[in-house]
Amino acid sequence: MSIEQILKVGADKMEKCVAQLKKDLATIRTGRANPMILDKVLVDYYGAPTPLRQLSQVSVQDGTTLVIAPFDKSIIKEIEKAVIKAELGITPNSDGLVLRLAFPPLTEERRKALTKDVKSMGENSKVAVRNVRRDMADELKKAEKAENLPEDSVKDGQDKIQKATDKYIKIIDEVVSEKDKEVMTV
């Protein structure tokens with residue numbers, strides 16, 4: 001594998017680490033209604049665990065209320081059970097046709113706990129990026145032995161790997177900082 005291929009594959013993997021972090025952070029509730037908090041909710045639909053968003057329309061009624069309108073009204077009880085089981089910290093209110101999830105304002109204590117969770121997710125993403133860096137360095141060593149690469153190009157490759165790592169670590173820090181501000185904003 002050439003140095004350029006190693007860098008391309010590594011950059012793609014690092015990009016996926018950042019994308020996963022953004023996806024995970026979107027599920028953290030910040031006092032505002034966000035339909036993505038329901039992405040991991042699975043409903044028992046005729047014996048098969050099915051994502052809630054495939055069974056219903058989820059909309060934001062106002063800034064703090066989500067409305068879940070199932071396509072099949074007969075499964076509203078199953079959806080209610082699934083939302084409770086998901087432990088979102090919100091109790092659904094049912095009127096027989098739709099479920100409403102009212103997001104209460106976050107307490108200062110809860111905001112601080114969420115900030116810790118956000119930072120932890122950021123650290124996990126940084127670890128994943130550093131693991132990709134390690135894999136890239138290992139691939140570079142294999143290429144050096146297999147293709148008898150000159151020392152200069154190996155050193156240049158190592159520098160490029162480190163620059164890519166630094167770039168993605170910086171992006172992760174920015175994403176985490178942005179989410180922190182969002183969580184701490186009242």
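Is Asp 135 buried, partly exposed or exposed? Asp 135 is partly exposed, at a relative accessible area of 34%. The cut-offs here: buried is under 20% relative accessible area, exposed is over 50%, and partly exposed is in between, with a 1.4 Å probe and protein chains only.

Before I go on, the ground rules. This is a predicted model, where local features need pLDDT of at least 70, side-chain atom pairs count only at pLDDT 80 or more, and totals for chains, interfaces and linings use all residues. Residues are numbered from 1 along each chain as its sequence is written, and side-chain values use heavy atoms, with hydrogens and water left out.

Let's start with the sheet. Helices (H or I, at least four residues) and strands (E, at least two) are DSSP runs, numbered from the N terminus. Two strands pair if DSSP finds at least two bridges between them. Four strands make an open sheet here, in the order E3-E4-E6-E5, with antiparallel pairing. E3 (56-62) and E5 (93-94) stand at the edges with a single partner strand each, so one side of each has no neighbour in the sheet. As a reminder, strands of a sheet pair through backbone hydrogen bonds, either parallel or antiparallel.

Now walk across it. E3 and E4 pair antiparallel over six bridges. A hairpin of two residues joins E3 to E4. Gln 57 has Ala 69 in E4 as its bridge partner. E4 itself, residues 65-70, is mostly covered, with five of its six residues buried.

Next pair. E4 and E6 run antiparallel and are joined by four bridges. Val 67 has Arg 100 in E6 as its bridge partner. Then E5 and E6 (residues 99-102) pair in the antiparallel sense over two bridges. There, Asn 93 stands opposite Arg 100 in E6.

On to the helices. H1 covers residues 3-26, which is 24 residues. From first C-alpha to last, H1 reaches 35 Å, close to the 34 Å expected at 1.5 Å a residue. That expected span is 1.5 Å times one less than the number of residues.

Which residues of H1 are buried? They are Ile 3, Ile 6, Leu 7, Gly 10, Met 14, Cys 17, Val 18, Leu 21, Leu 25 and Ala 26. What covers them includes H4 and H5 (151-184).

Take H5. H1 and H5 pack at an angle of about 10 degrees, and their axes are 10 Å apart. Axes are lines fitted to C-alpha atoms, for helices over the stretch in contact, and angles run from 0 to 180 degrees between N-to-C directions. H1 and H5 are therefore roughly parallel to each other. The classes: under 35 degrees is roughly parallel, over 145 roughly antiparallel, 65 to 115 roughly perpendicular, and the rest oblique.

The contacts between these two helices, with contact meaning heavy atoms within 4.5 Å, involve residues of H1 including Leu 7, Met 14, Val 18 and Leu 21. On the H5 side, they include Ile 161, Tyr 168, Ile 172 and Lys 179.

H4 (residues 108-147) holds Ser 125. Ser 125 counts as buried, at 9% relative accessibility. Leaving out residues up to four places away in sequence, Ser 125 touches Cys 17, Leu 21 and Ile 172.

Last topic: charges. A salt bridge is a side-chain nitrogen of Lys or Arg within 4 Å of a carboxyl oxygen of Asp or Glu. The whole structure has 12 of them.

Back to Asp 135. Asp 135 forms a salt bridge with Arg 134, closest N and O atoms 3.5 Å apart. Arg 134 is partly exposed too, at 46%.

In H3 (residues 76-85), Glu 78 and Lys 81 are three residues apart, about one helical turn. Glu 78 and Lys 81 form a salt bridge, with the closest N and O atoms at 3.7 Å. Glu 78 is partly exposed at 26%, while Lys 81 is exposed at 51%.

Lys 179 is buried, at 7%, and Glu 182 is partly exposed, at 27%. Elsewhere, salt bridges with shared partners join Glu 123, Lys 126 and Asp 173 into one network.
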